[in-house]
Amino acid sequence: MKIYRRYMMREVSGAILLVLLAFLALFAFFDLLGEVQDIGRGGYQLRHAFAFVLLRLPGRVYELMPIAVLIGTLYALSSLARHSEITVLRVSGLSSGALLRALFLVAGLFAVATFLIGEYVVPTAEREANQLRLKARGRMIGQDLRSGLWVKDERSFINVRVVLPDTRLRGIRVYEFDEDAKLRSLTEASEGEYVAPDSWRLSNVLQTVLHAERAEVQKLPELVWHSALNPDILAVLMVSPDRMSLQHLLTYTKHLSDNRQTTNRYDIAFWKKVVYPLAAFVMVALAMPFGGAHYRSDGVGLKVFSGVMIGILFHMLNGLSANLGAINSWSPVLSAVTPSALFLLAAITMIWWVERR
């Protein structure tokens, strides 16, 4: 690897990490302020708030990475241009293409890091953070809904009053219908525990089976209930689609599709996770025409501010495109790719314009 390339990679990577750390400190502070108001509710204490904020940091890293790449690259290139290092490299024969390739090497490292963090760290950390908060506050999933949680499984409708953080169920009702959409049986249980693939052990069961002219009721201390509902699907409910792994998105989307339910929101989230790491390449391409030109020292602050505004615009457009796509049933691929494609087009146009000058 050429000396200039190693030098630029070190400078740009250092600036990106510095910006990312600054953003993380800022967001962690505001997250902690948001948690302070909940201290004292149930058993929720300051140590729980600190732990919750720390567990949310991987999600913040994933969320802020493109903005940090943009601002860090802008700052590094501006500093190099201010000290005439870019000018020296240009005079020595460095082309825009070679400069962009060096920046793409840095972008590739951060794109891989973004994918790995989003796929393997964020889902687990978010789930642990939510479970910690629920346990400490003595709350359970589903208490905010008057009728609890509803899930469709083939010809059965499942109502769960409470989902515990360890995915045990309480207050279960299973309404099973026949092929003519007539109620065939109603099974009620006080608690359910997942014991094997596609199997739950229900406790204190009251089962009502409807026949043509009569109803048969029986009480059972335990009953093994077979259902496609599993802890992975329930764990999904504790993590927003943007924080889920690709594997969980595929599993949950298949479950919804098998039960003829809308999957557009999760399809968009899937393609966003595929495309999102590639935003690092778009950000460095966008930063190059801004940072590659020579400016006076007072121009660095203006370019960093421009980077902040562009990063915020990208973040807002990314969320807006996903929400509009879910509302209007747009193509999931189109909804996920549009923001990055627009910014890439802007970057290409700006590089072309700078080269013409």
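Q: How many salt bridges does the count come to?

A: The count comes to 13 salt bridges, where a salt bridge is a side-chain nitrogen of Lys or Arg within 4 Å of a carboxyl oxygen of Asp or Glu. Bear in mind that this is a predicted model: local features need pLDDT of at least 70, side-chain atom pairs count only at pLDDT 80 or more, and totals for chains, interfaces and linings use all residues. Residues are numbered from 1 along each chain as its sequence is written, and side-chain values use heavy atoms, with hydrogens and water left out.

Q: OK, which residue forms a salt bridge with Glu-126?

A: That's Arg-243, with the closest N and O atoms 3.6 Å apart. Glu-126 sits in helix 4 and Arg-243 in the loop between helix 5 (231-236) and helix 6 (246-258), so the pair ties together parts that are 117 residues apart in sequence. Helices (H or I, at least four residues) and strands (E, at least two) are DSSP runs, numbered from the N terminus.

Q: Are Glu-126 and Arg-243 buried or exposed?

A: Glu-126 is buried, and so is Arg-243. Buried means under 20% relative accessible area, exposed over 50%, and partly exposed in between (1.4 Å probe, protein chains only).

Q: And what does Asp-242 pair with?

A: Asp-242 forms a salt bridge with Lys-272, at 3.8 Å between the closest N and O atoms. This pair links distant parts of the chain, 30 residues apart: Asp-242 is in the loop between helix 5 and helix 6, and Lys-272 is in helix 7. Asp-242 is partly exposed at 35% relative accessible area, while Lys-272 counts as buried at 13%.

Q: Which residues do shared partners join into one network?

A: Salt bridges that share partners join Asp-31, Arg-56, Arg-60, Glu-63, Glu-126 and Arg-243 into one network.

Q: Back to helix 7: what span should it have, and what does the model give?

A: It has 12 residues (264-275) and should span 16 Å at 1.5 Å a residue; its end C-alpha atoms are 16 Å apart, which agrees. The expected span is 1.5 Å times one less than the number of residues. Buried residues in helix 7 include Tyr-266, Ile-268, Phe-270 and Val-275.

Q: Switching to the sheet: in what order do the strands run?

A: There are 6 strands in an open sheet, ordered 1-2-3-4-5-6, with antiparallel pairing. Two strands pair if DSSP finds at least two bridges between them. Strand 1 (149-153) and strand 6 (215-226) stand at the edges with a single partner strand each, so one side of each has no neighbour in the sheet.

Q: How many bridges do strand 3 and strand 4 pair over?

A: Strand 3 (residues 169-177) and strand 4 (residues 183-196) pair over 8 bridges. Glu-191 lies in strand 4 and Arg-170 in strand 3, so the pair ties together parts that are 21 residues apart in sequence.

Q: Last one: where in the chain is Pro-123, and is it buried or exposed?

A: Pro-123 is in helix 4, and it's buried, with a relative accessible area of 4%. Val-121 is in helix 4 (residues 96-137) too, but Val-121 is partly exposed at 38%.
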